[in-house]
Amino acid sequence: MIDGIIGLYIFMLAAFTGYEVIARVPVILHTPLMSGSNFVHGIVLVGAMVALGQASSTLGTAIGFIGVVLAAGNAVGGYVVTERMLAMFKASGEKKR
Amino acid sequence: MTSPLSPQLAALLVNASYLLTAFLFIMGLKRMSSPRTAKSGVVWAGWGMLVATLITFLAPQIAGNYLLIVTAIFIGGLLAWWTGKRVAMTDMPQMIALYNGMGGGAAAAIAAVELFRGETHATATVSLAVLGGLIGAVSFSGSLIAFGKLQGLIKRSLRFRGQQAINLMLVVVALVAGGFIALDINSSANIVIVFFGLALALGITMTLPIGGADMPVVISLYNALTGLAVAFEGFVLNNAAMIIAGTVVGSAGTLLTQLMAKAMNRSLGNVLFSGFGEAAAVAGGEVQGSLKPIEAADVGVMMAFAQKVIVVPGYGMAVAQAQHKVWELTQLLMERGVTVRFAIHPVAGRMPGHMNVLLAEAGVPYDLIADLEEINAEFETADVALIIGANDVVNPVARNDRSSPIYGMPILNADKAKNVIVIKRGQGQGFSGIENALFYLDQTRMLYGDGQAAVSQLIQAVKAVE
C-alpha cells in the first residue's frame with residue numbers, strides 16, 4: 001500500500017510540516033505544546049490495536065495487550081493534561097471565574 | 001468475527017478517516033501554537049484521535065481479540081484520565097514524561113509483537129521495526145527515570161567513571177542484536193528478548209546521570225523520539241496516520257527541544273553527555289559580601305510607595321503554592337497605583353512556559369507577564385524587584401563570571417533594580433548548586449520564610465500602610 005519511496009515522500013513532507021507548524025511558537029506555549037504533541041503521538045494506539053488484533057500466540061497477545069493499555073494511557077492522559085493547561089490561559093480582559 | 005464490509009471497502013474507509021485525522025492533528029498543532037486559538041487546537045486534535053480510534057475497529061488487518069482491545073483501552077484510558085485530572089499543575093512536567101513514556105512503550109510493544117510473529121518481512125521493514133522498537137524502548141525507560149527524578153522518587157544522579165563508554169557499548173551491542181534480527185541471521189525469540197533488554201537498559205543509563213535542571217530538555221527529546229518510533233512502526237504496519245502524526249511530532253519535538261536547550265544556553269550534546277548540576281557545582285568564584293535580612297513590614301512600606309514593582313517568580317513559588325497570594329498582593333498594589341509586572345525567565349518553572357501555566361492557574365492575566373527580552377530593560381526603572389522562589393535565573397554571575405558553569409546563560413537583570421527583595425526559605429543554593437551573587441549586593445535584602453507565609457505577611461503589611 002505505502003511502498004518504500006512513497007513512504008519516504010510522506011516522511012519528508014511530514015517532517016517539514018512539523019517544523020513549520022511550530023516554528024514561531026511563543027515561549028509561553030512551550031509546555032502546553034509539548035504536551036499537545038505528546039498527545040498527538042498517542043495515535044500509536046491505532047497501531048497497538050492492529051498489533052493486538054493480529055496477535056495469535058499467548059506471548060504476542062500479552063505484549064499487544066500491554067501495548068494497547070500504554071497507548072490508550074498516552075492518548076487519554078495527553079489529552080486531559082493538555083486541555084487542563086490550555087483552559088487556564090485567559091486573554092487580556094477576560095475575567096477568571 | 002469478520003467485518004460487515006468487504007475488506008476493500010473497509011480499508012478505503014479506514015484510510016480516508018486516517019487522512020482526516022492527519023489533517024485534524026496538523027491543524028490542531030497549528031492552532032495550539034498561538035495563545036488565542038490554543039484551546040480549540042487540542043479539541044481539533046482530540047476529534048482526530050477519536051475518529052482514528054473508532055474507525056480502526058473496522059480495519060481488515062484486525063482478525064480478532066476485539067474484547068481484549070476494548071478492555072485494554074478502558075484500563076489504560078481510565079487510569080490516565082484519573083491521574084491526568086488529579087495531577088497538580090506543578091507536577092505537570094513529570095506527568096507529561098510519564099504519558100510520553102507510555103507512548104514509547106506502546107511503539108516498542110508493536111515492534112515486539114511484529115518481531116515475535118516472525119512472519120517473513122522484507123529486510124527494510126524489519127529494520128524499521130527494530131529501529132522503532134529501540135527508540136521506543138529507550139524513550140519508555142528513559143521517560144520513567146525522568147518521571148522518577150522529577151517526582152523525587154530518584155534523588156541522586158548516578159554517575160561513575162566510563163559511563164559514556166558503557167552507554168556507547170550498549171548502543172553498539174543493541175544495534176548488532178537488531179542487525180541480527182533484521183538480517184535474519186539468528187531469528188530466535190531469545191535474541192529479540194536480549195535486544196529489548198539492552199534497549200531498556202540504555203534508556204536507564206542514559207537518563208540517570210542527567211541533573212534535574214536539564215530534565216525538561218530530556219523529556220522534550222524523548223517526546224520527539226517517541227514520535228519517531230511511532231512513525232517507524234507506522235511504516236511497518238502500513239499505517240499512514242501513524243507515519244504522518246509520528247513524523248510531525250518527531251520534527252516539531254526536535255525543534256522544541258532545540259528551543260528549550262537554547263533558552264537554557266545549553267547545547268543538546270551538553271545536556272546528554274556532561275554532568276551538570278552536581279558535578280560542576282564546586283566551580284565558580286567566591287562571592288563577596290553578606291546576606292542582609294529584612295522584616296515583612298518594611299518591605300510592605302517599600303512596595304506600597306513604589307512606582308514600579310517587578311515580580312520574578314520561580315519554581316519555589318509554585319512549590320510553596322504562593323501564586324494565589326502573589327496575585328492578591330499584586331491586585332492590592334495595583335489598587336494603590338503601583339505598576340506591577342511579572343518577569344518570566346524562559347526556563348522558570350520546570351519547563352519553558354511552565355511558569356505561565358502556573359500564573360494563569362492563579363488568575364494572573366497574561367498582559368501583566370513579560371518575557372526576558374521585553375522586561376530586561378525595565379529593571380533599571382523598577383523601584384523593587386521581588387524575587388520569589390527564583391535563583392539561578394537572576395544570578396548576575398551568568399553575565400560576568402567566566403568561571404561559573406552558568407556563564408553565558410541569559411538571565412533577568414534583577415540586580416539593576418533599585419531595591420531587590422528575595423523571599424527565600426533558607427540560605428541554600430539554587431537548582432544548579434551555585435552561590436547567587438545577587439543575594440549579596442548592597443541593595444538586596446532577604447525576607448526569610450515559606451513563600452506563601454511570607455507573601456501573606458506582605459499583604460498584611462501593605463494593607464497596614466495608610
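## About the model

This is a predicted model, in which local features need pLDDT of at least 70 and side-chain atom pairs count only at pLDDT 80 or more, while totals for chains, interfaces and linings use all residues. Residues are numbered from 1 along each chain as its sequence is written, chains are lettered from A and ligands numbered from 1 in the order in which they are written, and side-chain values use heavy atoms, with hydrogens and water left out.

## Where the chains meet

Let us start with the interface. Chain A brings 78 residues to the contact and chain B brings 99, where contact means heavy atoms within 4.5 Å. About 8,000 Å² is buried between the two chains, and carbon and sulfur atoms give 79% of that area. Buried area here is the accessible area (1.4 Å probe) that two parts lose on being put together, summed over both.

How many salt bridges does the rule find across the interface of chain A and chain B? It finds zero, a salt bridge being a side-chain nitrogen of Lys or Arg within 4 Å of a carboxyl oxygen of Asp or Glu. On the side of chain A that touches chain B, helix 4 of chain A gives the most, with 27 residues. Helices are DSSP runs (H or I, at least four residues), numbered from the N terminus.

## The largest nonpolar core

A nonpolar core is a set of buried Ala, Val, Leu, Ile, Met, Phe, Trp, Tyr and Cys residues joined through side-chain atoms within 4.5 Å. The largest one has 193 residues, and A:Ile43, B:Phe379 and B:Ile387 touch the most other members. Helix 4 of chain B (residues 92-117) provides the largest share of this core, 16 residues.

Leaving aside neighbours within four places in sequence, A:Ile43 has contacts that include B:Phe25, B:Met49 and B:Val230.

## Residues to look at

B:Phe235 sits in helix 8 (residues 215-237) of chain B. Is B:Phe235 buried or exposed? B:Phe235 is buried, because its relative accessible area is 18% (buried means under 20%, exposed over 50%, partly exposed in between, with a 1.4 Å probe and protein chains only). Not counting residues up to four places away in sequence, B:Phe235 touches A:Gly7, A:Phe11, B:Leu128 and B:Ile243.

Now find B:Asn238, in the loop between helix 8 and helix 9 (240-263) of chain B. Phi of B:Asn238 is near 60 degrees, a positive value in a residue other than glycine. With 28% relative accessibility, B:Asn238 counts as partly exposed.

Conventions: Helix = DSSP H or I, 4+ residues; strand = E, 2+ residues; numbered from the N terminus.
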